[in-house]
There are 2 protein chains.
Amino acid sequence: MTNLTHKTKLLAEAAHRASIQMAMVGSVLKNKILQDVARTITKDWKKIKRANDRDLRFADTHNLSNAMKDRLMLNQPRLEKMAAAVSEVAQLSDPIGRVLKAWRRPNGLQISKVSVPLGTILIIYESRPNVTSECASLCLKSGNAVILRGGREAFFSNQAIAAIYQRSIAKYHLPKAAVTLVQTADRQVIDELLQLEGLINLVIPRGGEALIRRIAQKSRIPVIKHYKGVCHVYVDRDANLNQAFQIAFNAKCQRPGVCNAMETLLVHQGIAKQFLPKYAAMLREADCEMRGDQAVQRLIPGARAASESDWYAEYLDKILAIRVVKDADQAIEHIQKYGSAHTDAIVTQNKKTAEKFVANVDSSSVMVNVSTRFSDGNEYGFGAEIGISTDKIHARGPMGLEGLTSYKYVVKGNGQIRT
Amino acid sequence: MTNLTHKTKLLAEAAHRASIQMAMVGSVLKNKILQDVARTITKDWKKIKRANDRDLRFADTHNLSNAMKDRLMLNQPRLEKMAAAVSEVAQLSDPIGRVLKAWRRPNGLQISKVSVPLGTILIIYESRPNVTSECASLCLKSGNAVILRGGREAFFSNQAIAAIYQRSIAKYHLPKAAVTLVQTADRQVIDELLQLEGLINLVIPRGGEALIRRIAQKSRIPVIKHYKGVCHVYVDRDANLNQAFQIAFNAKCQRPGVCNAMETLLVHQGIAKQFLPKYAAMLREADCEMRGDQAVQRLIPGARAASESDWYAEYLDKILAIRVVKDADQAIEHIQKYGSAHTDAIVTQNKKTAEKFVANVDSSSVMVNVSTRFSDGNEYGFGAEIGISTDKIHARGPMGLEGLTSYKYVVKGNGQIRT
């Protein structure tokens, strides 16, 4: 065993032992710790800011992009928001110990299905130091231990934030290893962690597609993930056109760089002439490039021809692929073929068409007359989000506290034996 | 691409396409198909029996054990039972399309969480041809496609049973590939299937620990499994002794070869003298070997010394490891260390001790005053069981129709955009 392997295993074992203790902690105590964390973030914001400044100096000398630096940067208002988010998690109801179902069998057995924590969660993420606090607060609230592996660019910020969690946990005589931060420069530590299936119960990678694919490829532990968000809006023949303009514009342009932004617009042939020219003018105003099939190119002069690869593309940028379809069926087929099962929306006033779309589009979120941008844990009312899953196993869509739980069956009787 | 790789991919693609169609089928039609299958099994039992005879002849010439031959053998009563089980699945309520939750957000969004099928399930199993029908009926009812990979020893029986499903499915103009049987002698076909993560959504291996470990090691697709069942019964100081004798005897001896049979008995030191000698006499009567620590050896003359490996052992046989413990805490520690998170029971009249045991034993089923043998989908009232999971991701414990579902979020609005 190499030294790194040995150290990684010790760290995971400590987190695993902590998870057993954290699973037993009641709501009152968990919320006290979270409120203590929130208060400390507010009180010690300058300390965190100083750590963040060190990261920003590193960013300067390493020529990080302005976008990355903005994601990295913490200031008093942002730290106030971070503290408020922790406090909000404290106020959410406890996802652990809930009786999800209870029933009685004819032989007198009393069976109940009770929610329990998953155990130890490994989270691998990039740049935004907020993620450190978001994930630590959600894991703490759900009685799990968490191993956080942040990006090198947020080294000092992550350390400062994790230290606050650890101090608050220790203050209440609980194991600091419940929030473990892994900062070793050695990237191999991730590969080592991904082999520890007996000690770590779930891996959640948050970042670009390349990172997620690499993790999924190497992990022996279940991974919850979405590779990408190729989200569609389908404007049906029976759409309310005002809604269609608003939704299709918002889905593309409000924040093009996120996974729930629209990447492909599908338009019913019967409404294309009324819809596309005006919509194209809105997009042009917003500096958004358009690529389309021949019908689109006829209606939008200057639109580039879309190639097959455009239908699969997650641009995360001001680029939109547009296709005119024969009907809702063809829109559904298109989404089934090219979509990524993240979020897809229909704009229509026709209830039957909407129902068909909802039934046939097999995505984690299906929207009717709503912008795809609403596909988000906070917008769904989960209080916070630990990730988004496009898989079908365990959790799907925006994943909050409930996604961090499993269950056990508790069976009570009075001496029943099986015959 | 080799010929086998190509053929395997075609087969999985057909199953995947079938899964999209099957997801849309309503309850009435699914139940019609299942009742048609049940009727055909009853009507054509002789045909299945003839296929089974061919397998039994193969078993004879290949010197399969009598236990294996018994598991393999089908006759009219067993086939009647198989038909009845299919008919029962038809009568269960549909797990698909259920609104699991629905709520309204302040901005008017109507969000609902609706159950959907997983897609395509790959099941890899050994010997018992009943599994073919059990899994096909559960997957059909839950709107999933299934790829069945049975053992070579049940080749003709599995073929006859799968053919009945396929004919009933085709009769209602649905794709036969919804129940796909893979019988190629080439074992590499399994390895190929386990790489097709885009086409197959879940793998359930049913068989011995070696088979399951091999599958879990190689799979790129999520695997639901239990490696073994090292089930414990802890007889507490405050046990009702009559219940303790009954439960500890039933858990060990009623069917020692199954995963929910007891493998280790833990006895409180304060009750060991009253309990163990009489219990040992019961086990001796049943020809069950005993292995224990020194305290046990003092109370049960002739008991062999248990070694460290005995505490980890899943004997699946008439052998029992026995340990005297100081108290409930030591019993819990023992289970945390040596258990397999399958099923563990306490026998006690003390409610506080029972509560502590239930809270601290992190197994998929925790029993109070009940034999571990009840840990089973049928006994829990699930109608049928597709497997048992000791993992914490997705499903846990006995897994029925509900475990074969995922969900999607459906979000309805009237033009909401995000600001």
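Two strands pair if DSSP finds at least two bridges between them. Keep that in mind as you look through these close-ups, which come from a predicted model.

**View 1. Strand β11 of chain B pairs with two other strands.** Let's begin with strand β9 (residues 289–292) of chain B, which is joined to β11(B) by four bridges, the two strands running parallel. Within this pair, look for Glu289(B), whose bridge partner in β11(B) is Ile319(B). Strand β8 (residues 262–268) of chain B also runs parallel to β11(B), and five bridges link these two. Here you can find Leu265(B) opposite Ile322(B) of β11(B). Is β11(B) itself mostly covered or mostly open? Of the seven residues in this strand (319–325), six are buried, so to count as buried each of them must have 20 or more other C-beta atoms within 10 Å of its own.

**View 2. Four strands of chain A line up in an open sheet.** Reading across the sheet, the order is β5-β4-β3-β6 (chain A), and the pairing is parallel. Which strands form the edges? They are β5 (179–181) and β6 (202–206) of chain A, each of which pairs on one side only. From one strand to the next, the twist averages 20 degrees. Zoom in on strand β3 (residues 120–125) of chain A, which is joined to β6(A) by five bridges. In that pair, Ile121(A) sits opposite Leu202(A) of β6(A).

View 3. Helix α6(A) touches β3, β4 (145–149), β5 and β6 of chain A, and its direction makes about 165 degrees with that of β4(A). Helix α7 (residues 155–171) of chain A packs on the sheet too, touching β4 and β5 of chain A. The direction of α7(A) makes about 150 degrees with that of β5(A).

**View 4. Helix α5 of chain A meets helix α6 of chain A.** How do these helices cross? The axes of α5 (residues 76–91) and α6 (residues 130–141) of chain A come within 10 Å and cross at roughly 15 degrees. Angles under 35 degrees count as roughly parallel, and therefore α5(A) is roughly parallel to α6(A). The crossing is right-handed. On the α5(A) side, you can pick out Met82(A), Ala85(A), Val86(A) and Val89(A), while the α6(A) residues they meet include Ser133(A), Ser137(A) and Leu138(A). Sorted by type, the residues of this contact are five nonpolar, three polar and two charged.

View 5. Find Ile41(A) in helix α2 (residues 27–43) of chain A. Why does Ile41(A) count as buried? Because 25 C-beta neighbours lie inside 10 Å, and 20 or more are needed. Leaving out residues up to four places away in sequence, Ile41(A) touches Ile48(A), Leu79(A), Met82(A), Ala83(A), Val86(A) and Ile164(A). Ile164(A) is 123 residues away along the chain, yet the two C-alpha atoms are separated by 7.4 Å.

**View 6. Chain B touches chain A.** In this contact, 52 residues of chain B face 53 residues of chain A. On the chain B side, β16(B) gives the largest share, 11 residues. That side divides into 24 nonpolar, 20 polar and eight charged residues. Strand β13 (residues 365–370) of chain A pairs with β16(B) in the parallel sense, over five bridges. To spot this pairing, look for Val370(A) opposite Gln416(B) of β16(B).

Conventions:
Residues are numbered from 1 along each chain as its sequence is written. Chains are lettered from A and ligands numbered from 1 in the order in which they are written. This is a predicted model: local features need pLDDT of at least 70, side-chain atom pairs count only at pLDDT 80 or more; totals for chains, interfaces and linings use all residues. A residue is buried if 20 or more other C-beta atoms lie within 10 Å of its own, exposed if 12 or fewer, and partly exposed in between; C-beta atoms are placed from the backbone. Axes are lines fitted to C-alpha atoms, for helices over the stretch in contact, and angles run from 0 to 180 degrees between N-to-C directions. Angles under 35 degrees count as roughly parallel, over 145 as roughly antiparallel, 65 to 115 as roughly perpendicular and the rest as oblique. A crossing is left-handed if the near helix is turned anticlockwise from the far one by less than a right angle, and right-handed if clockwise. Two residues are in contact if their C-beta atoms, placed from the backbone, lie within 7 Å. Ala, Val, Leu, Ile, Met, Phe, Trp, Tyr, Cys and Pro count as nonpolar, Asp, Glu, Lys and Arg as charged, and the others, Gly among them, as polar.
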